[in-house]
Amino acid sequence: MLIVAMLVCLCGYFTYTDLTSRMIPNRVIYPAILIALLWRLLEPSFLLGMIPAVLLLGLFFINPCWLGAGDIKLLALVGLVLGLDQMWPMLFLTCFCASLYFIIVKLMRKPGLQKGPLAPFILAGIVLTLVLQNSHI
């Protein structure tokens, strides 16, 4: 649970940096990925949590405008910490939150907003996944 709490805190920082500078700093994300990788080395099933990040990396190579490289690195970190079982609902909730936000923005007819930072929605997806998983609904 400690590593998940640290992930949420890191995602809060990444949300701030993504909103203010549209970046997820390599000097923070790379050590975090390394620590998570070492932490999960004895639990190889958690390495499968990186599958969505690898798939999205393929999309990045097809069209880098669809997704940022920092977002892919962040999703790799999240996958290492949460594992594949929690990664799919987290991705669904991330996409749902982002879609809802952009639909509302579009309905409000805010011009010029074509794409935005993904880290806030990843954080929302993580928190919602953890809340729904622990609520036993």
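1. Is Glu43 buried, exposed or partly exposed? Glu43 is partly exposed, with a relative accessible area of 32%. For these terms, buried means under 20% relative accessible area, exposed means over 50%, and partly exposed lies in between, using a 1.4 Å probe and protein chains only.

2. A word on the source. This is a predicted model, in which local features need pLDDT of at least 70 and side-chain atom pairs count only at pLDDT 80 or more, while totals for chains, interfaces and linings use all residues. Residues are numbered from 1 along each chain as its sequence is written, and side-chain values use heavy atoms, with hydrogens and water left out.

3. Glu43 has a partner. It forms a salt bridge with Arg40. The closest N and O atoms are 3.1 Å apart. A salt bridge here is a side-chain nitrogen of Lys or Arg within 4 Å of a carboxyl oxygen of Asp or Glu. By this rule the count comes to 1 salt bridge. Arg40 is buried, at 8% relative accessible area.

4. Next, helix H3. Helices are DSSP runs of H or I with at least four residues, numbered from the N terminus. H3 covers residues 51–62 and has 12 residues. From its first C-alpha to its last it reaches 17 Å, close to the 16 Å expected at 1.5 Å a residue. That expected span is 1.5 Å times one less than the number of residues.

5. Which residues of H3 are buried? They are Pro52, Ala53 and Phe60. Seen down the axis of H3, these buried residues fall within an arc of 90°, so they line one face of the helix. The arc is taken from the directions from the helix axis to the C-beta atoms. The buried residues pack against helix H4 (69–82) and helix H5 (84–107). On the other side of H3, Val54, Leu55, Phe61 and Ile62 are exposed.

6. Now the surface. Phe92, Phe96, Leu100, Ile104 and Met108 form a nonpolar patch. Together they have about 540 Å² of accessible area. Patches are made of residues with over 30% relative accessible area and no salt bridge; nonpolar side chains (Val, Leu, Ile, Met, Phe, Trp, Tyr) are joined within 5 Å, and like charges within 9 Å. Areas come from the Shrake-Rupley method with a 1.4 Å probe. Met108 lies in the loop between H5 and helix H6 (119–135). At 53% relative accessibility, Met108 counts as exposed.

7. Leu107 lies in helix H5. Leu107 is exposed, with a relative accessible area of 66%. Leu107 and Gly125 are 18 residues apart along the chain, and their C-alpha atoms are separated by 23 Å.

8. What does Thr129 touch, leaving aside its neighbours within four places in sequence? Thr129 is in contact with Gln86, Pro89, Met90 and Leu93. Contact means heavy atoms within 4.5 Å. Thr129 is in helix H6. It counts as buried, at 5% relative accessibility.

9. Check the backbone at Arg22. Its phi is near 60°, a positive value in a residue other than glycine. Most residues other than glycine have a negative phi. Arg22 sits in the loop between H1 and helix H2 (26–39). Arg22 is partly exposed, at 46% relative accessible area.

10. Last, Leu2. Leu2 is found in helix H1 (residues 2–21). Leu2 is exposed, with a relative accessible area of 57%. Leu2 and Ile104 are 102 residues apart in sequence and 35 Å apart in space, C-alpha to C-alpha.

Notes. Helices (H or I, at least four residues) and strands (E, at least two) are DSSP runs, numbered from the N terminus.
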